[in-house]
Amino acid sequence: MLFDCDGTLVDSEPISAAVTAELLTARGVPLATEDVLARFTGLSAATTKAIVEERFGVRLGEDFDRDKGRRLDAAFGARLRPVPGMPELVGSLAATGRRICVASSSAPHRIDRSLTVTGLDRHFPPEVRFSATMVRRGKPAPDLFLLAAARLGVDPAACVVVEDSPFGVEAGVAAGMTVVGFTAAGHASPDLAPRLRAVGAQDVAPDAEALRRLLGAPATSGAPAVGGALRAP
């Protein structure tokens, strides 16, 4: 089972978008937080920078990455929280022996920071954390998900992906995996669920409890999951 990180495990997208919008505006690309969320959610930093250069004619150098990294580290330390219900859900999956990993567009240090700050690192040891920096093409290409499946020795067709962005859903579908959309984080707009379905999500969960039922995970009380369990093809 492959989990995206930002906007799926941790409620980081509004924080990251606000920091990115401020830095872009200072460099002559006047985008609001909402614009950044709409344009770049689910994309890697490298892809985001390439799009900015192509569409706005502004090249973002290493100073942009340094400034963004420094500000995000501080903001995450102060404000980052897990998406409600996700620590309990991934804990129950791990306790029953389900194989879980993180496959994120973020850089490795961002993934590590996010998981550590929110306490989710105990469920995702370093060997099951996969970053878009490990592959040539990030989402919406399937490369990252295929790498994770290969490293774990699992047939892609037996994998389930949990994703909050259309780009991530597209990547999972292209990898031949079952994809579940997830709209519980703070950045989710009213139109996100139909957008996720439109690009191939088999179902969409509005919160962690609905996701638990779809994934067939046991309730945190120890009671068995009931009904609606999703199974990969």
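**Close-up views of a predicted model**

**View 1. Helices α1 and α4 cross in a right-handed way.** A crossing is called right-handed if the near helix is turned clockwise from the far one by less than a right angle, and left-handed if anticlockwise. Helix α1 covers residues 13-26 and helix α4 residues 62-79; they pack at an angle of about 145°, with axes 10 Å apart. Helices here are DSSP runs of H or I with at least four residues, strands are E runs of at least two, and both are numbered from the N terminus. Axes are lines fitted to C-alpha atoms, for helices over the stretch in contact, and angles between N-to-C directions run from 0 to 180 degrees. On the α1 side, the contact (heavy atoms within 4.5 Å) includes I15, V19 and L23; on the α4 side, F64, L72 and F76 are among the residues taking part. Sorted by class, this contact has 8 nonpolar, 2 polar and 5 charged residues. Ala, Val, Leu, Ile, Met, Phe, Trp, Tyr, Cys and Pro count as nonpolar, Asp, Glu, Lys and Arg as charged, and the others, including Gly, as polar.

**About the model.** This is a predicted model, in which local features need pLDDT of at least 70 and side-chain atom pairs count only at pLDDT 80 or more, while totals for chains, interfaces and linings use all residues. Residues are numbered from 1 along each chain as its sequence is written, and side-chain values use heavy atoms, leaving out hydrogens and water.

**View 2. Helix α4 also meets helix α6, residues 108-118.** Their axes come within 10 Å and cross at roughly 15°, so the two helices are roughly parallel (angles under 35 degrees). This crossing is right-handed. L72, D73, F76 and G77 of α4 touch R110, R113, S114 and V117 of α6.

**View 3. L60 sits in the loop between α3 (45-56) and α4.** Why does L60 count as buried? Its relative accessibility is 8%, and buried means under 20% relative accessible area (1.4 Å probe, protein chains only). Beyond its neighbours within four places in sequence, L60 contacts L24, R27, K49 and V52. L60 and K49 lie 11 residues apart in sequence, with their C-alpha atoms 6.3 Å apart.

**View 4. K139 and P140 are joined by a cis peptide bond.** Omega is about 15° here, whereas most peptide bonds are trans. Look for P140 in the loop between β3 (129-131) and α7 (143-152).

Notes. Buried < 20%, exposed > 50% of the residue type's maximum accessible area, 1.4 Å probe, protein only. Parallel < 35°, antiparallel > 145°, perpendicular 65-115°, else oblique.
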